[in-house]
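This briefing concerns the salt bridges of one protein model. Please view the sequence and structure below before reading on.

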Amino acid sequence: MTAPQGPLSVQTIGPFSVTGPSGEDLTPKGAKARGLLAILALSEERNRPRRFLEEKLWSGRGPEQASQSLRQSLTEIRRALGDYRDLFLVDRMTVGFAPDSLNVDADSTHIDAEGHEILEGLKIRDPAFVSWIEDVRDNFERRKMAQAAKAKGLVLRLVPSADEGGPAALLSEVLSHQIGQNVTEQMRAWRQMPVRMAETLEDEADIEIDTRVVEDGGESLAFIRMIHTASGRVLHAAKAKVNDKALTVAGDDLMADVTVEAAERALDAMATAFPSERPEIASASLARRAVREMETFEAPRLEVADRLLESAFDIDQNGLFLAWQSLLRTIQVTEMVIPQDATQIEEIMALNARALELDGDNPLVQALVSQVQVLRFADIDAAHVVAQRPLDSSVAGAFGMVSLASANMMAGDMEAAYKLTKRATEVAARSSFHHWWDTFHCISCIASDRFDEAIISGERASARAPHFRPPLRHLLALYAHTGNMEKMEDMMSRLQFLEPDFSLERFTQDERYPVRTLRKAGLLNFPKSGLKGD
(Lines give C-alpha, C1' and ligand atoms only; values in the text may rest on other atoms or scores of the structure.)
Protein backbone atom coordinates (compact mmCIF):
# COMPACT_ATOMS: atom_id res chain seq x y z
CA MET A 1 0.00 0.00 0.00
CA THR A 2 1.35 3.43 -0.98
CA ALA A 3 2.00 5.72 1.98
CA PRO A 4 -0.32 8.77 1.95
CA GLN A 5 1.24 12.10 1.08
CA GLY A 6 0.71 15.64 2.37
CA PRO A 7 0.54 18.47 2.53
CA LEU A 8 -0.62 18.63 6.09
CA SER A 9 -2.47 21.71 7.32
CA VAL A 10 -1.10 23.46 10.41
CA GLN A 11 -3.28 25.96 12.25
CA THR A 12 -1.25 28.39 14.33
CA ILE A 13 -3.79 31.23 14.47
CA GLY A 14 -6.07 30.32 17.34
CA PRO A 15 -5.67 26.89 19.01
CA PHE A 16 -2.78 24.91 17.51
CA SER A 17 -3.73 21.89 15.39
CA VAL A 18 -2.38 19.63 12.64
CA THR A 19 -4.78 18.01 10.18
CA GLY A 20 -4.29 15.62 7.29
CA PRO A 21 -5.41 16.10 3.68
CA SER A 22 -8.77 14.51 4.47
CA GLY A 23 -9.29 16.54 7.61
CA GLU A 24 -8.14 13.91 10.09
CA ASP A 25 -6.81 15.29 13.38
CA LEU A 26 -3.06 14.62 13.73
CA THR A 27 -2.38 16.94 16.68
CA PRO A 28 -0.33 15.39 19.50
CA LYS A 29 -1.74 15.67 23.02
CA GLY A 30 1.39 16.78 24.86
CA ALA A 31 2.04 20.52 25.17
CA LYS A 32 5.74 20.17 24.44
CA ALA A 33 5.11 18.02 21.37
CA ARG A 34 2.71 20.69 20.10
CA GLY A 35 5.23 23.41 20.99
CA LEU A 36 7.93 21.58 19.04
CA LEU A 37 5.66 21.33 15.97
CA ALA A 38 4.77 25.00 16.33
CA ILE A 39 8.45 25.96 16.29
CA LEU A 40 9.01 23.91 13.12
CA ALA A 41 5.87 25.20 11.39
CA LEU A 42 6.84 28.83 12.04
CA SER A 43 10.47 28.31 10.96
CA GLU A 44 11.27 29.41 7.42
CA GLU A 45 12.79 26.08 6.35
CA ARG A 46 10.43 23.93 8.48
CA ASN A 47 13.38 22.44 10.37
CA ARG A 48 15.58 23.19 13.34
CA PRO A 49 18.71 21.69 14.92
CA ARG A 50 17.96 19.26 17.73
CA ARG A 51 20.02 21.43 20.10
CA PHE A 52 17.87 24.49 19.27
CA LEU A 53 14.69 22.59 20.17
CA GLU A 54 16.23 21.30 23.40
CA GLU A 55 17.22 24.85 24.39
CA LYS A 56 13.71 26.20 23.73
CA LEU A 57 11.72 23.42 25.43
CA TRP A 58 14.03 21.97 28.06
CA SER A 59 16.38 24.84 28.85
CA GLY A 60 16.59 23.98 32.56
CA ARG A 61 17.83 20.45 32.01
CA GLY A 62 21.28 19.08 31.34
CA PRO A 63 22.23 17.95 27.80
CA GLU A 64 21.52 14.26 28.40
CA GLN A 65 18.16 14.87 30.07
CA ALA A 66 17.14 17.37 27.37
CA SER A 67 18.07 14.89 24.62
CA GLN A 68 16.05 12.15 26.29
CA SER A 69 13.03 14.46 26.64
CA LEU A 70 13.33 15.47 22.98
CA ARG A 71 13.37 11.81 21.90
CA GLN A 72 10.18 11.17 23.87
CA SER A 73 8.42 14.10 22.18
CA LEU A 74 9.61 12.96 18.75
CA THR A 75 8.12 9.51 19.42
CA GLU A 76 4.82 11.12 20.47
CA ILE A 77 4.75 13.23 17.28
CA ARG A 78 5.40 10.21 15.02
CA ARG A 79 2.61 8.31 16.75
CA ALA A 80 0.20 11.27 16.29
CA LEU A 81 1.07 11.67 12.60
CA GLY A 82 0.27 8.01 11.94
CA ASP A 83 0.31 7.26 8.23
CA TYR A 84 1.98 10.65 7.56
CA ARG A 85 4.98 10.08 9.84
CA ASP A 86 7.30 9.67 6.81
CA LEU A 87 6.88 13.42 6.19
CA PHE A 88 8.50 14.03 9.57
CA LEU A 89 12.28 13.89 9.08
CA VAL A 90 14.64 13.28 11.98
CA ASP A 91 18.37 12.66 11.94
CA ARG A 92 21.22 12.99 14.43
CA MET A 93 21.43 16.76 14.00
CA THR A 94 18.10 18.08 12.71
CA VAL A 95 14.34 17.73 13.11
CA GLY A 96 11.92 18.92 10.45
CA PHE A 97 9.42 18.25 7.69
CA ALA A 98 9.88 17.29 4.07
CA PRO A 99 9.79 20.23 1.61
CA ASP A 100 6.29 21.41 0.69
CA SER A 101 4.70 19.00 3.16
CA LEU A 102 3.08 21.72 5.33
CA ASN A 103 0.49 24.40 4.65
CA VAL A 104 0.75 26.87 7.54
CA ASP A 105 -1.99 29.46 7.97
CA ALA A 106 0.42 32.13 9.26
CA ASP A 107 2.25 32.08 5.91
CA SER A 108 -0.71 33.69 4.15
CA THR A 109 -0.19 37.25 2.94
CA HIS A 110 -3.74 37.96 4.18
CA ILE A 111 -4.18 37.14 7.86
CA ASP A 112 -7.72 36.26 8.89
CA ALA A 113 -7.34 36.16 12.67
CA GLU A 114 -11.02 36.71 13.61
CA GLY A 115 -10.02 38.01 17.03
CA HIS A 116 -7.66 35.10 17.76
CA GLU A 117 -4.03 35.33 18.79
CA ILE A 118 -1.31 33.10 17.46
CA LEU A 119 -0.77 29.76 19.28
CA GLU A 120 -3.75 30.51 21.48
CA GLY A 121 -3.81 28.54 24.70
CA LEU A 122 -0.41 26.89 24.16
CA LYS A 123 1.25 27.12 27.57
CA ILE A 124 4.72 25.75 28.26
CA ARG A 125 6.46 26.97 31.41
CA ASP A 126 10.01 26.82 30.09
CA PRO A 127 11.30 30.46 30.14
CA ALA A 128 13.10 30.00 26.80
CA PHE A 129 9.86 28.91 25.13
CA VAL A 130 7.94 31.73 26.82
CA SER A 131 10.44 34.22 25.36
CA TRP A 132 10.16 32.59 21.91
CA ILE A 133 6.36 32.62 21.87
CA GLU A 134 6.27 36.26 23.04
CA ASP A 135 8.46 37.23 20.08
CA VAL A 136 6.23 35.23 17.73
CA ARG A 137 3.08 36.89 19.05
CA ASP A 138 4.63 40.36 18.92
CA ASN A 139 5.66 39.85 15.29
CA PHE A 140 2.20 38.47 14.47
CA GLU A 141 0.48 41.51 15.96
CA ARG A 142 2.71 43.81 13.94
CA ARG A 143 1.80 41.90 10.79
CA LYS A 144 -1.91 42.22 11.58
CA MET A 145 -1.56 45.95 12.18
CA ALA A 146 0.47 46.40 9.01
CA GLN A 147 -2.17 44.53 7.03
CA ALA A 148 -4.96 46.67 8.44
CA ALA A 149 -2.95 49.85 7.87
CA LYS A 150 -2.03 48.82 4.34
CA ALA A 151 -5.70 48.37 3.54
CA LYS A 152 -6.40 51.81 4.95
CA GLY A 153 -3.49 53.44 3.15
CA LEU A 154 -2.46 57.05 3.65
CA VAL A 155 -4.96 59.90 3.39
CA LEU A 156 -3.80 63.46 2.65
CA ARG A 157 -5.90 66.58 3.17
CA LEU A 158 -5.16 69.81 1.34
CA VAL A 159 -6.15 72.98 3.18
CA PRO A 160 -7.52 75.60 0.80
CA SER A 161 -6.08 79.09 0.74
CA ALA A 162 -7.71 81.65 3.00
CA ASP A 163 -7.81 84.04 0.03
CA GLU A 164 -10.60 83.57 -2.44
CA GLY A 165 -9.34 83.54 -6.00
CA GLY A 166 -6.40 85.58 -7.23
CA PRO A 167 -2.87 84.49 -8.22
CA ALA A 168 -1.67 83.87 -4.64
CA ALA A 169 -4.60 81.55 -3.85
CA LEU A 170 -4.11 79.67 -7.10
CA LEU A 171 -0.38 79.26 -6.51
CA SER A 172 -1.04 78.05 -2.95
CA GLU A 173 -3.33 75.37 -4.36
CA VAL A 174 -0.78 74.35 -7.03
CA LEU A 175 2.00 74.01 -4.47
CA SER A 176 -0.16 71.93 -2.12
CA HIS A 177 -1.15 69.59 -4.93
CA GLN A 178 2.48 69.19 -6.03
CA ILE A 179 3.56 68.37 -2.48
CA GLY A 180 0.74 65.87 -2.18
CA GLN A 181 1.72 64.30 -5.49
CA ASN A 182 5.33 63.96 -4.35
CA VAL A 183 4.26 62.30 -1.08
CA THR A 184 2.01 59.96 -3.05
CA GLU A 185 4.73 58.93 -5.51
CA GLN A 186 7.32 58.33 -2.81
CA MET A 187 5.05 56.37 -0.48
CA ARG A 188 3.82 54.18 -3.34
CA ALA A 189 7.41 53.48 -4.36
CA TRP A 190 8.37 52.54 -0.82
CA ARG A 191 5.38 50.54 0.28
CA GLN A 192 2.91 50.22 -2.61
CA MET A 193 0.17 51.37 -0.28
CA PRO A 194 -2.91 53.24 -1.47
CA VAL A 195 -2.54 57.02 -1.08
CA ARG A 196 -5.47 59.33 -1.72
CA MET A 197 -6.63 62.87 -1.16
CA ALA A 198 -9.49 63.57 1.25
CA GLU A 199 -12.47 64.82 -0.69
CA THR A 200 -13.64 67.31 1.94
CA LEU A 201 -12.18 69.09 4.96
CA GLU A 202 -14.42 66.93 7.18
CA ASP A 203 -12.95 63.64 5.90
CA GLU A 204 -10.53 61.85 8.22
CA ALA A 205 -6.90 62.28 7.11
CA ASP A 206 -3.43 61.27 8.25
CA ILE A 207 -1.51 64.30 6.99
CA GLU A 208 -2.70 67.84 6.39
CA ILE A 209 -0.88 70.00 3.84
CA ASP A 210 -1.32 73.74 4.34
CA THR A 211 0.40 76.07 1.87
CA ARG A 212 -0.11 79.85 1.92
CA VAL A 213 1.41 82.32 -0.52
CA VAL A 214 1.55 85.91 0.77
CA GLU A 215 3.03 89.21 -0.32
CA ASP A 216 5.81 90.57 1.90
CA GLY A 217 7.74 93.69 0.99
CA GLY A 218 7.07 93.28 -2.69
CA GLU A 219 8.06 89.60 -2.66
CA SER A 220 5.83 86.52 -2.78
CA LEU A 221 6.58 84.03 -0.02
CA ALA A 222 5.24 80.50 0.31
CA PHE A 223 4.65 79.22 3.86
CA ILE A 224 4.36 75.44 3.97
CA ARG A 225 3.22 73.30 6.89
CA MET A 226 2.61 69.55 6.93
CA ILE A 227 0.89 68.24 10.05
CA HIS A 228 0.23 64.77 11.45
CA THR A 229 -3.44 65.27 12.19
CA ALA A 230 -3.82 62.69 14.98
CA SER A 231 -1.16 64.29 17.18
CA GLY A 232 -0.95 67.81 15.76
CA ARG A 233 2.78 67.31 15.27
CA VAL A 234 4.37 69.45 12.55
CA LEU A 235 6.18 67.13 10.13
CA HIS A 236 7.65 69.94 8.04
CA ALA A 237 7.53 73.72 8.06
CA ALA A 238 9.30 75.94 5.57
CA LYS A 239 9.30 79.38 4.02
CA ALA A 240 10.36 79.81 0.40
CA LYS A 241 10.56 82.76 -1.95
CA VAL A 242 8.23 82.27 -4.90
CA ASN A 243 9.51 83.16 -8.33
CA ASP A 244 7.27 85.77 -9.93
CA LYS A 245 6.93 83.47 -12.96
CA ALA A 246 6.03 80.43 -10.89
CA LEU A 247 2.30 80.72 -11.46
CA THR A 248 2.46 80.86 -15.24
CA VAL A 249 4.84 77.92 -15.49
CA ALA A 250 3.74 75.88 -12.47
CA GLY A 251 2.88 73.05 -14.81
CA ASP A 252 6.58 72.88 -15.74
CA ASP A 253 7.44 72.15 -12.10
CA LEU A 254 9.51 75.29 -11.51
CA MET A 255 8.78 74.88 -7.79
CA ALA A 256 9.90 71.24 -7.73
CA ASP A 257 12.81 71.89 -5.39
CA VAL A 258 10.44 73.28 -2.75
CA THR A 259 7.79 70.62 -3.16
CA VAL A 260 10.22 67.66 -3.31
CA GLU A 261 12.00 68.91 -0.18
CA ALA A 262 8.66 69.26 1.64
CA ALA A 263 7.66 65.70 0.76
CA GLU A 264 11.04 64.22 1.70
CA ARG A 265 11.28 66.06 5.02
CA ALA A 266 7.76 64.99 5.96
CA LEU A 267 8.50 61.37 5.09
CA ASP A 268 11.66 61.47 7.20
CA ALA A 269 9.64 62.69 10.19
CA MET A 270 7.02 59.95 9.87
CA ALA A 271 9.24 57.35 11.58
CA THR A 272 8.52 58.93 14.97
CA ALA A 273 5.30 60.83 14.25
CA PHE A 274 3.19 57.81 13.41
CA PRO A 275 2.39 55.40 16.26
CA SER A 276 3.10 51.68 16.36
CA GLU A 277 -0.22 50.79 14.72
CA ARG A 278 1.09 52.23 11.46
CA PRO A 279 4.27 50.15 11.05
CA GLU A 280 4.22 50.34 7.26
CA ILE A 281 4.64 54.13 7.45
CA ALA A 282 7.19 54.17 10.25
CA SER A 283 9.29 51.48 8.57
CA ALA A 284 9.24 53.24 5.21
CA SER A 285 10.46 56.38 6.92
CA LEU A 286 13.26 54.46 8.66
CA ALA A 287 14.35 53.04 5.31
CA ARG A 288 14.36 56.51 3.75
CA ARG A 289 16.65 57.67 6.54
CA ALA A 290 18.87 54.67 5.82
CA VAL A 291 19.14 55.66 2.18
CA ARG A 292 20.11 59.19 3.21
CA GLU A 293 22.95 57.66 5.25
CA MET A 294 23.92 55.54 2.24
CA GLU A 295 24.12 58.67 0.09
CA THR A 296 27.24 59.78 1.96
CA PHE A 297 29.19 56.60 1.15
CA GLU A 298 31.10 57.11 4.42
CA ALA A 299 31.95 53.78 6.08
CA PRO A 300 30.50 54.58 9.56
CA ARG A 301 27.30 55.97 8.07
CA LEU A 302 26.92 52.91 5.85
CA GLU A 303 26.87 50.87 9.06
CA VAL A 304 24.16 53.17 10.44
CA ALA A 305 22.17 52.63 7.23
CA ASP A 306 22.50 48.88 7.66
CA ARG A 307 21.07 49.04 11.19
CA LEU A 308 18.19 51.28 10.08
CA LEU A 309 17.26 48.89 7.28
CA GLU A 310 17.34 45.97 9.70
CA SER A 311 15.03 47.90 12.05
CA ALA A 312 12.67 48.74 9.19
CA PHE A 313 12.46 45.08 8.20
CA ASP A 314 11.89 43.98 11.79
CA ILE A 315 8.90 46.35 11.99
CA ASP A 316 7.45 45.52 8.60
CA GLN A 317 8.80 42.62 6.54
CA ASN A 318 8.88 44.37 3.18
CA GLY A 319 11.18 43.11 0.45
CA LEU A 320 12.19 46.64 -0.51
CA PHE A 321 14.21 47.01 2.68
CA LEU A 322 16.15 43.86 1.81
CA ALA A 323 16.75 45.13 -1.74
CA TRP A 324 18.25 48.35 -0.37
CA GLN A 325 20.33 46.30 2.05
CA SER A 326 21.62 44.22 -0.86
CA LEU A 327 22.69 47.38 -2.70
CA LEU A 328 24.27 48.67 0.51
CA ARG A 329 26.24 45.44 0.93
CA THR A 330 27.33 45.65 -2.72
CA ILE A 331 28.61 49.19 -2.15
CA GLN A 332 30.48 48.08 0.97
CA VAL A 333 32.13 45.19 -0.89
CA THR A 334 32.95 47.23 -4.00
CA GLU A 335 34.39 50.07 -1.94
CA MET A 336 36.39 47.58 0.13
CA VAL A 337 34.68 48.68 3.36
CA ILE A 338 34.04 45.00 4.12
CA PRO A 339 35.90 41.98 2.74
CA GLN A 340 34.83 40.50 -0.57
CA ASP A 341 34.52 36.89 0.55
CA ALA A 342 32.14 34.02 -0.05
CA THR A 343 30.07 34.86 3.03
CA GLN A 344 29.31 38.40 1.80
CA ILE A 345 28.50 37.21 -1.72
CA GLU A 346 26.14 34.55 -0.37
CA GLU A 347 24.43 37.17 1.81
CA ILE A 348 23.91 39.48 -1.17
CA MET A 349 22.40 36.63 -3.19
CA ALA A 350 20.15 35.64 -0.29
CA LEU A 351 18.96 39.24 0.21
CA ASN A 352 18.09 39.51 -3.50
CA ALA A 353 16.20 36.22 -3.51
CA ARG A 354 14.22 37.06 -0.37
CA ALA A 355 13.44 40.60 -1.59
CA LEU A 356 11.93 39.22 -4.80
CA GLU A 357 10.06 36.53 -2.89
CA LEU A 358 8.42 39.08 -0.60
CA ASP A 359 7.80 42.00 -2.99
CA GLY A 360 8.82 40.98 -6.48
CA ASP A 361 6.01 43.03 -8.01
CA ASN A 362 7.42 46.32 -6.67
CA PRO A 363 9.23 48.08 -9.56
CA LEU A 364 11.82 49.57 -7.20
CA VAL A 365 12.62 46.12 -5.76
CA GLN A 366 13.05 44.78 -9.29
CA ALA A 367 15.29 47.70 -10.27
CA LEU A 368 17.51 47.52 -7.17
CA VAL A 369 17.96 43.75 -7.44
CA SER A 370 18.74 44.14 -11.13
CA GLN A 371 21.32 46.83 -10.33
CA VAL A 372 23.07 44.52 -7.86
CA GLN A 373 22.93 41.52 -10.18
CA VAL A 374 24.54 43.50 -12.97
CA LEU A 375 27.17 45.26 -10.84
CA ARG A 376 28.14 42.36 -8.61
CA PHE A 377 27.57 39.32 -10.81
CA ALA A 378 27.63 40.72 -14.39
CA ASP A 379 24.14 39.25 -14.84
CA ILE A 380 23.03 40.89 -18.10
CA ASP A 381 19.77 38.92 -18.17
CA ALA A 382 18.68 40.60 -14.90
CA ALA A 383 18.80 44.00 -16.59
CA HIS A 384 16.77 42.82 -19.55
CA VAL A 385 14.07 41.47 -17.23
CA VAL A 386 13.64 44.98 -15.82
CA ALA A 387 13.65 46.39 -19.34
CA GLN A 388 10.52 44.39 -20.16
CA ARG A 389 8.44 46.97 -18.30
CA PRO A 390 8.34 50.69 -19.12
CA LEU A 391 11.25 52.64 -17.60
CA ASP A 392 9.20 55.51 -16.23
CA SER A 393 10.25 58.82 -14.71
CA SER A 394 10.72 57.58 -11.17
CA VAL A 395 13.57 56.48 -8.92
CA ALA A 396 12.76 52.88 -9.85
CA GLY A 397 12.92 53.84 -13.52
CA ALA A 398 16.28 55.56 -13.04
CA PHE A 399 17.77 52.49 -11.34
CA GLY A 400 16.38 50.32 -14.12
CA MET A 401 17.98 52.56 -16.75
CA VAL A 402 21.39 52.30 -15.09
CA SER A 403 21.08 48.50 -14.85
CA LEU A 404 20.25 48.27 -18.52
CA ALA A 405 23.03 50.74 -19.37
CA SER A 406 25.56 48.58 -17.49
CA ALA A 407 24.36 45.52 -19.39
CA ASN A 408 24.67 47.42 -22.70
CA MET A 409 28.23 48.41 -21.82
CA MET A 410 29.10 44.79 -21.10
CA ALA A 411 27.60 43.84 -24.46
CA GLY A 412 29.57 46.60 -26.23
CA ASP A 413 26.69 48.94 -27.07
CA MET A 414 28.18 52.15 -25.65
CA GLU A 415 25.77 54.53 -27.40
CA ALA A 416 22.72 52.82 -25.91
CA ALA A 417 24.38 52.94 -22.48
CA TYR A 418 25.13 56.65 -22.87
CA LYS A 419 21.54 57.50 -23.76
CA LEU A 420 20.19 55.52 -20.81
CA THR A 421 22.49 57.05 -18.19
CA LYS A 422 21.86 60.54 -19.56
CA ARG A 423 18.13 59.97 -19.29
CA ALA A 424 18.54 58.55 -15.77
CA THR A 425 20.35 61.70 -14.60
CA GLU A 426 17.50 63.79 -16.01
CA VAL A 427 14.81 61.63 -14.41
CA ALA A 428 16.53 61.72 -11.01
CA ALA A 429 17.70 65.34 -11.23
CA ARG A 430 16.23 66.26 -7.83
CA SER A 431 16.89 62.96 -6.09
CA SER A 432 19.18 63.17 -3.07
CA PHE A 433 20.85 60.06 -4.51
CA HIS A 434 21.69 61.94 -7.70
CA HIS A 435 25.47 61.41 -7.47
CA TRP A 436 24.80 57.68 -8.07
CA TRP A 437 23.44 58.41 -11.53
CA ASP A 438 26.00 61.14 -12.22
CA THR A 439 28.75 58.60 -11.55
CA PHE A 440 27.27 56.04 -13.92
CA HIS A 441 26.84 58.73 -16.57
CA CYS A 442 30.50 59.66 -16.09
CA ILE A 443 31.42 56.00 -16.69
CA SER A 444 29.23 55.66 -19.79
CA CYS A 445 30.69 58.90 -21.16
CA ILE A 446 34.18 57.45 -20.73
CA ALA A 447 33.12 54.25 -22.49
CA SER A 448 31.76 56.30 -25.43
CA ASP A 449 34.79 58.67 -25.60
CA ARG A 450 32.94 61.74 -24.27
CA PHE A 451 35.67 62.76 -21.86
CA ASP A 452 34.67 66.40 -21.36
CA GLU A 453 31.12 65.40 -20.47
CA ALA A 454 32.51 62.64 -18.22
CA ILE A 455 34.49 65.23 -16.26
CA ILE A 456 31.38 67.39 -15.77
CA SER A 457 29.37 64.43 -14.44
CA GLY A 458 32.23 63.16 -12.29
CA GLU A 459 32.78 66.59 -10.73
CA ARG A 460 29.08 66.97 -10.02
CA ALA A 461 28.97 63.54 -8.33
CA SER A 462 32.09 64.31 -6.29
CA ALA A 463 30.67 67.64 -5.13
CA ARG A 464 27.45 65.96 -3.95
CA ALA A 465 29.21 63.04 -2.19
CA PRO A 466 32.83 63.93 -1.30
CA HIS A 467 33.49 60.49 0.24
CA PHE A 468 32.14 58.54 -2.73
CA ARG A 469 35.28 57.09 -4.28
CA PRO A 470 34.22 56.00 -7.83
CA PRO A 471 33.99 59.55 -9.25
CA LEU A 472 37.38 60.41 -7.70
CA ARG A 473 38.98 57.41 -9.39
CA HIS A 474 37.54 58.25 -12.78
CA LEU A 475 38.36 61.94 -12.46
CA LEU A 476 41.97 61.10 -11.61
CA ALA A 477 42.41 59.28 -14.92
CA LEU A 478 40.42 61.89 -16.86
CA TYR A 479 42.55 64.75 -15.50
CA ALA A 480 45.70 62.80 -16.35
CA HIS A 481 44.39 62.21 -19.87
CA THR A 482 43.60 65.91 -20.37
CA GLY A 483 46.90 67.03 -18.83
CA ASN A 484 45.47 68.71 -15.74
CA MET A 485 48.16 67.50 -13.33
CA GLU A 486 47.14 69.82 -10.48
CA LYS A 487 43.61 68.40 -10.33
CA MET A 488 44.95 64.89 -10.83
CA GLU A 489 47.18 65.23 -7.76
CA ASP A 490 44.22 66.59 -5.81
CA MET A 491 42.27 63.43 -6.66
CA MET A 492 45.25 61.33 -5.58
CA SER A 493 45.41 63.12 -2.23
CA ARG A 494 41.71 62.62 -1.61
CA LEU A 495 41.89 58.93 -2.50
CA GLN A 496 44.92 58.44 -0.25
CA PHE A 497 42.94 60.01 2.60
CA LEU A 498 39.98 57.68 1.97
CA GLU A 499 42.12 54.63 1.10
CA PRO A 500 45.31 54.53 3.20
CA ASP A 501 46.76 51.80 0.96
CA PHE A 502 46.08 53.70 -2.27
CA SER A 503 48.93 54.07 -4.77
CA LEU A 504 49.19 54.83 -8.47
CA GLU A 505 50.74 51.43 -8.99
CA ARG A 506 47.72 49.73 -7.47
CA PHE A 507 45.37 52.07 -9.34
CA THR A 508 46.91 51.26 -12.72
CA GLN A 509 48.21 47.70 -12.30
CA ASP A 510 45.93 45.82 -9.87
CA GLU A 511 43.30 44.00 -11.95
CA ARG A 512 41.05 43.75 -8.88
CA TYR A 513 40.91 47.51 -8.38
CA PRO A 514 37.42 48.70 -9.47
CA VAL A 515 38.28 50.76 -12.58
CA ARG A 516 37.29 48.34 -15.34
CA THR A 517 35.95 51.00 -17.72
CA LEU A 518 39.11 53.11 -17.38
CA ARG A 519 41.21 50.04 -18.10
CA LYS A 520 39.20 49.14 -21.21
CA ALA A 521 39.31 52.76 -22.43
CA GLY A 522 43.12 52.83 -22.11
CA LEU A 523 43.02 55.73 -19.64
CA LEU A 524 45.35 54.09 -17.13
CA ASN A 525 48.35 54.45 -19.40
CA PHE A 526 49.75 57.82 -18.35
CA PRO A 527 53.22 58.95 -17.18
CA LYS A 528 53.70 58.74 -13.42
CA SER A 529 57.13 60.24 -12.96
CA GLY A 530 57.33 63.55 -11.12
CA LEU A 531 53.97 63.19 -9.38
CA LYS A 532 53.97 64.19 -5.73
CA GLY A 533 51.52 61.58 -4.52
CA ASP A 534 53.34 58.40 -5.55
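The count comes to 20 salt bridges, a salt bridge being a side-chain nitrogen of Lys or Arg within 4 Å of a carboxyl oxygen of Asp or Glu. The model is predicted, so local features need pLDDT of at least 70 and side-chain atom pairs count only at pLDDT 80 or more, while totals for chains, interfaces and linings use all residues. Residues are numbered from 1 along each chain as its sequence is written, and side-chain values use heavy atoms, with hydrogens and water left out.

**Arg 450 and Glu 415**
- The closest N and O atoms of the salt bridge between Arg 450 and Glu 415 are 3.0 Å apart.
- Arg 450 lies in the loop between α15 (434–447) and α16 (451–464), and Glu 415, 35 residues apart from it, in helix α14 (residues 414–427); helices are DSSP runs (H or I, at least four residues), numbered from the N terminus.
- Arg 450 is partly exposed at 23% relative accessible area, as is Glu 415 at 36%; buried means under 20%, exposed over 50% and partly exposed in between (1.4 Å probe, protein chains only).

**Glu 499 and Arg 469**
- Glu 499 forms a salt bridge with Arg 469, with 3.6 Å between the closest N and O atoms.
- Glu 499 is in the loop between α18 (485–498) and α19 (504–509) and Arg 469 in helix α17 (residues 469–482), so the pair ties together parts 30 residues apart in sequence.
- Glu 499 is buried at 2% relative accessibility, and Arg 469 is buried at 10%.

**Asp 510 and Arg 512**
- Asp 510 pairs with Arg 512 in a salt bridge whose closest N and O atoms are 3.3 Å apart.
- Salt bridges with shared partners join Asp 501, Arg 506, Asp 510 and Arg 512 into one network.
- Asp 510 is buried at 17% relative accessibility, whereas Arg 512 is exposed at 73%.

Definitions and conventions: Helix = DSSP H or I, 4+ residues; strand = E, 2+ residues; numbered from the N terminus.
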